[in-house]
There are 2 protein chains.
Amino acid sequence: MNKEEYFIKQFSNNKIIGDDGAFIDGFVYSMDAFFENVHFKKEWMSLKQIAYKSMIVNISDAIVMNAIPLYALLSVAIPKSYTNEDLKELVKGFKKAAKKFDIQIIGGDTISNEKLDISITIISKTSNPVLRSGVKKNDLICHTGILGSCKEDLQKLFENKEVSKKSKFIKPKLKPYFFYEIAPYITASMDISDGLFFELEKLSKASSVGFEFFNEIDESIGSSGEEYEILFSFDEKNLEKINKIAKKHKVDLNIFAKAIKGKYRTACKNHHF
Amino acid sequence: MNKEEYFIKQFSNNKIIGDDGAFIDGFVYSMDAFFENVHFKKEWMSLKQIAYKSMIVNISDAIVMNAIPLYALLSVAIPKSYTNEDLKELVKGFKKAAKKFDIQIIGGDTISNEKLDISITIISKTSNPVLRSGVKKNDLICHTGILGSCKEDLQKLFENKEVSKKSKFIKPKLKPYFFYEIAPYITASMDISDGLFFELEKLSKASSVGFEFFNEIDESIGSSGEEYEILFSFDEKNLEKINKIAKKHKVDLNIFAKAIKGKYRTACKNHHF
């Protein structure tokens, strides 16, 4: 068990913890850290891109719970060396994401620090949350998009190679309209931030199911983190509806497994550097 | 203008930012960072004390807005060197504060980092928020408790001297029951985190008033930060009621100024180290 799991386990008397966000009385509350040298290196992205991505990875949590993000709180620790121009770039990134998803930045905290460390809280609204615990036996298991490029790009960045400006690692692409439309027809969902294998382990735990894979999934696919694609499950009877919605929104679907009795554990190590 | 102010100003089209928390539709959302080497050094306090204080400084924001804290989200960056025992101590501190104020810890994020950096979001409820913008001309200006000991204790800690275990710097003492009872009779409030002079500057800005001081306030008092005493204003007609409530809760009141037309600016430098 790593430290993160151990720490969270200390709060495990609390049933709310365990989804991308906490659902309470029609609201979803989620919070994610985006820290320099943990989630990014400053050489990899512009300040605007860093701020934008820090918002997007948080907004992703809201979307995959079928919640509409409303408000954001930002805790931003800023290196002393940053100029006002640097701060403006950061603000541009935060505002760009807020504008795109119609979110109001309502407050937070800023402090002076050695490195750029961002924590964000998103407050969202939903009348019908989709949780991780809803997978039923025989449900189909599916993820959006093509996995693997984020791991490749991360490797390139470590080797000081360039990555495409369109890299999902730099600029994750969320699919809110697609997701809100399939939400009534699915049983569980979460985003792929730590890598498919790790998310499947969490899904297995939350829903008490195992998975029967249709094809073997290569580690280069299953351990690619920060994809921010959507992992979800649904009853086969809704396959046609979901396929139609995916087509409409030009979203690739990859149905790769079926839920079975049992439990799934990955042997892979966590990707965090 | 320091970086913090500059950064916040970039969002200043947003009228909600400017109080200890953001009041929206009956809820107050507040978020504060509590970072190693910014707000504390690890030699100064036990991990339990650090976690406890990180919660208390956040809960303080809710109380001074007349809101009842309900939920907390924790973003905790944990040094790789920490043992499971260390994590248990941290959890004890978070849980102690949560229990004391009947708050549910509903989620957050944990990551591995070089130092212990905590950001906390508190979600609170109020039907009648008290803001910073409510000071009226001729209102009396008051703070609870005796100021100055936190600056002294901080100085001692920097000199590697011991401070009392009861030090307010280590363990701030909030006054929720006193505050909720005076709330209907006051016009504005905030907590004293950056020091009285700085809070007065914020109060002046938010309420467009100046202050006439009854006595000169020494810098050792006015620039003592992290006091978590309450600064508030009220109409003189409520003086007797407020005095009575203070007596009942054994809270010291220090009525030190009167709101006048004008504007207040401090010449002191911010206390953050």
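In which loop of chain B is the place of Asn66(B)? In this predicted model, with residues numbered from 1 along each chain as its sequence is written and chains lettered from A in the order in which they are written, local features need pLDDT of at least 70 and side-chain atom pairs count only at pLDDT 80 or more, while totals for chains, interfaces and linings use all residues. Side-chain values use heavy atoms, with hydrogens and water left out.

**View 1. Asn66(B) in its loop.** Asn66(B) is placed between helix H2 (47-63) and strand E3 (68-79) of chain B; helices (H or I, at least four residues) and strands (E, at least two) are DSSP runs numbered from the N terminus. Its phi is near 70°, a positive value in a residue other than glycine. Asn66(B) is buried, with a relative accessible area of 13% (buried means under 20%, exposed over 50%, partly exposed in between; 1.4 Å probe, protein chains only).

**View 2. Asn160(B) between two helices.**

**View 3. An open sheet in chain A.** Five strands in the order E7-E9-E6-E10-E8 (chain A) pair antiparallel, pairing requiring at least two DSSP bridges between two strands. The edge strands, E7 (188-191) and E8 (210-213) of chain A, each pair on one side only. Four bridges join E8(A) to strand E10 (residues 253-260) of chain A, and Phe213(A) stands opposite Ala257(A) in E10(A).
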